[in-house]
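Colleague: Could you walk me through this model, please? I am still learning how to read one.
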Amino acid sequence: MMKLIKRQSTPNAAEPKQASAAEAIDRRTFLRRSSLTAGGVAAAIGLAPSMVKKTEARETEHSTAEVSRIRSVCSHCSVGCGVVAEVQDGVWTGQEPAFDHPFNLGSHCAKGASLREHGHGERRLKYPMKLEGGKWKKISWEQAINEVGDKMLSIREQAGPDSVYWLGSAKHNNEQAYLFRKFAAFWGTNNVDHQARICHSTTVAGVANTWGYGAMTNSYNDIHNSKSILVIGGNPAEAHPVSLQHIFRAKERGAKIVVIDPRFTRTAAHADLYVRLRPGTDVALIWGMLWHVFKNGWEDKSFIEQRVYGMDEIRTEVAKWTPDEVEKVTGVPEEQVYEATRMMAENRPGTFIWCMGGTQHTTGNNNTRAYCVFQLALGNMGVEGGGTNIFRGHDNVQGATDLGVLSHTLPGYYGLTEGAWKHWARVWDVDYEWLKGRFDQGSYEDGDAAVMNTNGIPVSRWIDGVLEDKDNIAQKDNLKAMVFWGHAPNSQTRGTEMKTAMEKLELLVVIDPYPTATAIMQDRTDGMYLLPACTQFETYGSLTSSNRSMQWRNKVIDPLFESLPDHVIMYKFAKKFGFADELLKHVQVNGEEPLIEDLTREFNKGMWTIGYTGQSPERLKAHQEHWGHFNTTTLKAEGGPLDGEYYGMPWPCWGTAEMKHPGTPILYDTNKPVAEGGLTFRARFGVEHDGANLLAEGSYSKGSEIDDGYPEFTADMLKQLGWWEDLSAEEQQAAEGKNWKTDLSGGIQRVAIKHGCAPFGNAKARCVVWTFPDPVPIHREPLYTPRRDLVEKYPTYEDRKSFYRLPTRYASIQAKDYSQEYPLIMTSGRLVEYEGGGEETRSNPWLAELQQHMFVELNPADANDRNIRDGDMVWLEGPEGGKVKIMAMVTRRVAAGVVFMPFHFAGHFQGEDRRYKYPEGSDPYVLGESCNVAFTYGYDSVTAMQETKVSICNITPAA
Amino acid sequence: MAKMKFLCDTERCIECNACVTACKNEHEVPWGVNRRRVVTIDDGEPGERTISVACMHCTDAPCAAVCPVDCFYTTEDGVVLHNKDLCIGCGYCFYACPFGAPQYPQTSEYGARGKMDKCTFCAGGPEEDHSAAEWEKYGKNRLAEGSLPLCAEMCSTKALMAGDGNLVADLYRERVTRRGGRADVWGWGTAYKG
């Protein structure tokens, strides 16, 4: 074990800090001090958090230098736990609990409790490196930018801008994510994406198309108010451990917990009812539950009448899902389905939590919409303790999604239409025609859609952008350069084909604090670069946690080694490509670092759709300084300078910062005025469909001057309502001809809210999404299924010629029966110690020690059938030929016929240990096979999410 | 005087291992030595429970009773500490301890034992408080600066509690009352047959 800290001798031991008599003490301080005398106690639940001690002078074992305590936010998952870092002489010497922080109250999981290692870790990518003749060679930043830049410019010249793929990251802060999307636009491509595509894209699409916004509706803290909690396809005890603190608070107040999962997870171990379903049958099970709801008349009839469209069509589909049929398809017996339904129906409000188990399917968008429909039927939406609490993955995946690091939209979900580009061109103050000229000219589609208006290739399919025949791709040429900017490749399927794709590229670039599996899983000898980015603790900025709260994260230490913040690297490339001045026209650049606060202010100016406009850097910093002022259930500041505001101003935080909107803690909650965080369902899908009214009927937010549904606000609507004169002269000038999304003055939003109305209208949520392949969510068997008897009745989709620019197979794969050679269903998931692709966490010895082997969980029956003992090495092979050599963990956690693998490992490839391929000293402590080498083809019908939660395999002993 | 105790509420422990890495972080405990670990009962089956275990700082500590060089001592706060200068690494305390708390660093390829290491309740050792020698041998001394063990302070679900035994008991009692049932701490069923 290396010594992480230079241990200095301290001649004079420090005195314990004593309180002076006059000093007011809070309860926390009291408890701390009393531990010396009367005795103290840690882990005080439910205490009003108090201020964490400010910077103080204190001598420690490490140094006599002053200790500064810096407030930051954990960079692992989306809970957004507060962190207190102790720094001396620029060295991260201590980590203290952030008892004040409203989300975690000082708590952490294994990952959060080991964050300080970031300041000391040696297994980092330290310098820019270049692969030359199969050897890593250290080069300068200048050489790296010049060589990579020149190659990209030559590819751009020959094959067009779409042949360079910019893969961004949920690890970027908001400012970097925003700049990254803008950067890709200036390069002239929509071939830009990030982790949201492969974690919750089906959630965002499904949920936004149901009621307006595709995000968590309530918050982790609001779960305190739930009387029932349903978790499906999620294992928060491992993926979001601190959320369990909030779930347990509800449980201890009597809430019932139902966990539905193919695997008896650590979350299930704490449930009142655990229901085991066959992977990939979520819609069938949810409709089976709704069958009981309708049969017993448990639906909320007045809620449905006032605020829901299309429930009758759901009833028709649900009627087919009798208890017998549900058991046949899902494997869940009627009494369990009934009991789960009864628990939810009799204990309202109830919240509905889901994660990747629901989203990562060819039918992911059907699953997420079915979950929403269930909550609508029970009237659980827009209320405290209810909602769809969708736990996002990475710390800033919500922010990176909101800021449009996606191949199908610009920041703020504006899409890629001409109007969207014109809106952002105005915000950016650049010429629209110039922007358009940056893209390939002509059209890739049968119609005449310009390239800039055409969806790019999603990250889940980038390998097909390289490997597919050029004539079959709806773009000028294949992908020739790939930039992995903060993204692990092992979270994507079809690992063997990915290796081939990586080798076929002309240029492969990794920009990351770690080399990642990209550096070692291919056998290139040249044309590859690794550029060291620093972590979020080595820079600063805002991030958006799962509950839509925006938090400000301070810099803890300076960038280590030769690493640089992402936005500095973006600036270097922009300068090389000649558009740095245009890209940062209204952003101060200090040396080569664009000013973070100016970037925040710039997206504040354009993000009207989702209310990313009110959270100015000044307000965000004030919220950070007053962590302890916010109620830990409601998140509302009680007294003090931020009185009435919600922590982190959860979006939508309407209007300009000057308007001081408090943020919206619970989406669609009509019990509050919009000005105080209330909301209606968004009028996003028109005012009527097939003759039926889509606007709300008799339901409106508190204090609304329109006592019924209404469409989204436009300048004309203000005039019709006689509210136009409420705008100032300047606002009128800016608002003329515009709507609530495009009025850059914010006047339309301000006036709508002044009259108690939601700027985006007041409509019904819809159960039927007529623009989707399956308007009413239906069950379809996975592409690879052992249940051949169900394929005819529940077939997958027809193959598609062009979907996100690529031919996409469904029926042609499902047509072939692989179930004899590959009889086991396989699924995947997380371990608490690791995150994402795992390079960062497997390089942290405090975490790596706890999980040293990649493994597969299999049931004793399946193990005995194959003569496999616990701890044996086995080969697991998928139907497309990818295979992994891993350790067997024999356990009843999985049912007979189902196996589970974690997805955080990399470094071994089909039996080969490739540690030797890492640049010296940058290999993670723990390596292992990536489960996605065995995982297979299959993409969601709306978002191209990859199907990583159900495929099939066979397992044999490894001799 | 306070008598320091740990209590792990198994209704809340989710085996997230925050206590384990918090300890590693605070004391820079080397790979292979675990002052605290999480034990799982009935892994993967109904009734699965986990419990975080470290030195329980026993009142009548078996480790101290068997130690041939008498290196153990109990502080005024009821924390059981030991003197590494006296320890001979014999391993008797490991036999005696009901919790498997004593740990030994691997000091050579032949597995010879180094001096025993264990949880100090974040209270250092016999060296001067906050001295380099104390840090080198025993890790941080949080108690001396008015803080409690970091494992409990950082527990994800506030399952692991640490502090004066009476206060810990009060807190736990309050929780159990709120749950409205009998004490469902792990082991109750074994001891009292449901």
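Colleague: Which residue is the bridge partner of Ser68 of chain A in E2(A)?
Modeller: In E2(A), A:Ser68 has A:Val87 as its bridge partner. This is a predicted model, in which local features need pLDDT of at least 70 and side-chain atom pairs count only at pLDDT 80 or more, while totals for chains, interfaces and linings use all residues. Residues are numbered from 1 along each chain as its sequence is written, with chains lettered from A and ligands numbered from 1 in the order in which they are written.

Colleague: And how many bridges join E1(A) to strand E2?
Modeller: Six bridges join E1(A) to strand E2 (residues 82-88) of chain A, and the two run antiparallel; strands are DSSP runs of E with at least two residues, helices runs of H or I with at least four, both numbered from the N terminus, and two strands pair if DSSP finds at least two bridges between them.

Colleague: What order do the strands of the sheet take?
Modeller: The order is E1-E2-E3 in chain A, an open sheet of three strands with antiparallel pairing. Strand E1 (68-73) and strand E3 (91-96) of chain A are the edge strands, each pairing on one side only.

Colleague: Changing topic, at what angle do helix H8 and helix H11 of chain A pack?
Modeller: Helix H8 (residues 282-295) and helix H11 (residues 323-330) of chain A pack at about 155 degrees, with their axes 9 Å apart; axes are lines fitted to C-alpha atoms, for helices over the stretch in contact, and angles run from 0 to 180 degrees between N-to-C directions.

Colleague: Why is H8(A) called roughly antiparallel to H11(A)?
Modeller: The angle makes H8(A) roughly antiparallel to H11(A), because angles over 145 degrees count as roughly antiparallel, under 35 as roughly parallel, 65 to 115 as roughly perpendicular and the rest as oblique.
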